[in-house]
Amino acid sequence: MDKPLCINRFRYHFSITKLVFWTCIFLGLILLFFLHSPHSSSYSSQRRFLADPDWESRVIKSGKPRSRSGGLKVLVTGAAGFVGTHVSAALRRRGDGVVGLDNFNAYYDPSLKQARRSVLERADVFIVDGDINNPTLLKKLFDLVQFTHVMHLAAQAGVRYAMKNPASYVHSNIAGFVSLLEACKSANPQPAIVWASSSSVYGLNTKVPFSEKDRTDQPTSLYAATKKAGEEIAHTYNHIYGLSITGLRFFTVYGPWGRPDMAYFSFTKDILKGKPITIFEGPNHFSVARDFTYIDDIVKGCLGALDTAKKSTGSGGVKKGPAQLRVFNLGNTSPVPVSKLVSILEKLLKVKAKKVVLPMPANGDVLFTHANISLAQRELGYKPTTDLQTGLKKFVRWYLDYYTRPGKKSNV
Ligand SMILES: O=C(O)[C@H]1O[C@H](OP(=O)(O)OP(=O)(O)OC[C@H]2O[C@@H](n3ccc(=O)[nH]c3=O)[C@H](O)[C@@H]2O)[C@H](O)[C@@H](O)[C@@H]1O
């Protein structure tokens, strides 16, 4: 009788130990997930910054224009992003006050974002580590600096990734945009807003070149749908609260400090590694083409939009009169087939690409983009001057320097 009881006790203790063990593992995993989730890390960094007495003075200093009279005071969201870094640096160079805001999420290599942050720190631009979805943080920033303008570039980018992580597009491009507009509408004075829409809103439109008057009600990706929703949301906040809002439809922007998820960047990386690259083609071997636009041209367009933006008309959240509402194409007016992009890269890198040509899957891509820029030319003085060959040469020079610099983790 003794023996089975002993065995039963042993089994009982063993299963309790097992239960405790697996509960600990489970709780540990939940804790790890929480600590590493982008929201919690940006939340804790926001708390850290808010508790830091230097934080406020750094924001105030960064937001101050160099000259006492004139000069914009701009909040740049997505400042550690590709376009955000270039626009922030250009504004600071000409003497405007610039405060950056970025959540440093891990959509692509965050170390590239940190490197861009270092570039901006050297240019005297402070980037706040925080999320546009945090109303307390936004209010604090508007209390510290009376921003005249907001350059809103924070977004979940990428056309094809929307199939993998749809929620991130809704979170950043819709909820985040509304959160930012709420802060702008309540600010006193209300800033004028310039924000990044996308050429992808043209979707299945076949009328070329794409003009702002063409239809944009047939998006082919969730990404495009969220940008189109942003344009409608902009209309609402302009209509109800008198916010001055300008949307810029960027056409496949490329250049130094670019985004690793984009084709020109990932092709460069894979060609140098000797890895195959996939080139999508349309039905009947249709060559997929993009109106690739060089970053310096886009920056000029952004500055033109900020400089021509009229003031918002509301105050204390109440509209006082009609306000400006605009949308512009910022493209290059010169579409180039993706196969040509690859052959330019091959020449610049002096390496033959291992090309795999595949029919374009149903991934949200459109077959071609082509901007009509006459409206931006007329209203913003926008005039792109960089062709793809010249722009890619500058990109490749940056890429080789950045990824082979001593002390830099190699990407090549
Ligand atoms: O202009 C825009 O509105 C959009 O431009 C780019 O989107 P996309 O034009 O798709 O740029 P890439 O991802 O660099 O793709 C460029 C071209 O290369 C093609 N591609 C891409 C990847 C690949 O492996 N193979 C390939 O052939 C795509 O089909 C596309 O035609 C950006 O990623 C979007 O965030 C932006 O809003």
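## Aromatic pairs, a helix and a cavity

Phe210 and Phe251 are both buried, where buried means under 20% relative accessible area, exposed means over 50% and partly exposed lies in between (1.4 Å probe, protein chains only). The model is predicted: local features need pLDDT of at least 70, side-chain atom pairs count only at pLDDT 80 or more, and totals for chains, interfaces and linings use all residues. Residues are numbered from 1 along each chain as its sequence is written, and side-chain values use heavy atoms, with hydrogens and water left out.

**Overall.** The protein has 412 residues, and 51% of them count as buried. It contains 13 helices and 14 strands. These are DSSP runs numbered from the N terminus: helices are H or I with at least four residues, strands are E with at least two. Contact means heavy atoms within 4.5 Å. Among contacts with a separation of 6 or more, 82% join residues 24 or more positions apart.

**Aromatic pairs.** The structure holds 30 aromatic pairs. Rings of Phe, Tyr and Trp (its six-membered ring) pair if their centres lie within 6.5 Å; planes under 30 degrees apart count as stacked, over 60 as edge-to-face and the rest as tilted. Two of the pairs are tabulated here.

| Pair | Centre to centre | Angle between planes | Class |
|---|---|---|---|
| Phe210 and Phe251 | 6.4 Å | 40 degrees | tilted |
| Trp257 and Trp398 | 5.3 Å | 50 degrees | tilted |

Trp257 sits in the loop between β7 and α9, and Trp398 in helix α13, so this pair ties together parts 141 residues apart in sequence. Trp257 is buried, at a relative accessible area of 15%. Trp398 is buried too, at 8% relative accessibility. Both tryptophans belong to a cluster linked by ring pairs, with members including Tyr254, Tyr264, Phe265 and Tyr403.

**Helix α11.** This helix covers residues 338-349. Its 12 residues reach 16 Å from first C-alpha to last, close to the 16 Å expected at 1.5 Å a residue. The expected span is 1.5 Å times one less than the number of residues. Its buried residues are Val338, Leu341, Val342, Ile344, Leu345, Glu346, Leu348 and Leu349. An α-helix has 3.6 residues a turn, so residues three or four places apart point the same way. The buried residues of α11 pack against α9, β8, β10, β13, β14 and α13. Lys350 follows the helix, with a positive phi near 55 degrees.

**Ile277.** What is the place of Ile277? Ile277 is in strand β8. It counts as buried, at 2% relative accessibility. Beyond its neighbours within four places in sequence, Ile277 is in contact with residues including Phe267, Ile271, Val342 and Val356. Ile277 and Lys355 are 78 residues apart in sequence, yet 5.2 Å apart in space, C-alpha to C-alpha.

**Cavity.** A search of the whole structure finds one cavity of 30 Å³ or more. On a 1 Å grid over the protein atoms alone, a cavity is a set of points where a 1.4 Å probe fits but cannot get out; lining residues have an atom within 4 Å of a point. The largest cavity has a volume of about 60 Å³, volume being the space filled by probe spheres set on the points. Its lining is His152, Ala154, Ala155, Ser172, Asn173, Phe177, Trp195, Ala196 and Lys227. Helix α7 supplies the largest share, three residues. Both α7 (166-186) and β5 (192-198) supply at least two.

Terms used: On a 1 Å grid over the protein atoms alone, a cavity is a set of points where a 1.4 Å probe fits but cannot get out, and a pocket is an open set with protein on both sides within 12 Å along at least five of seven lines; lining residues have an atom within 4 Å of a point.
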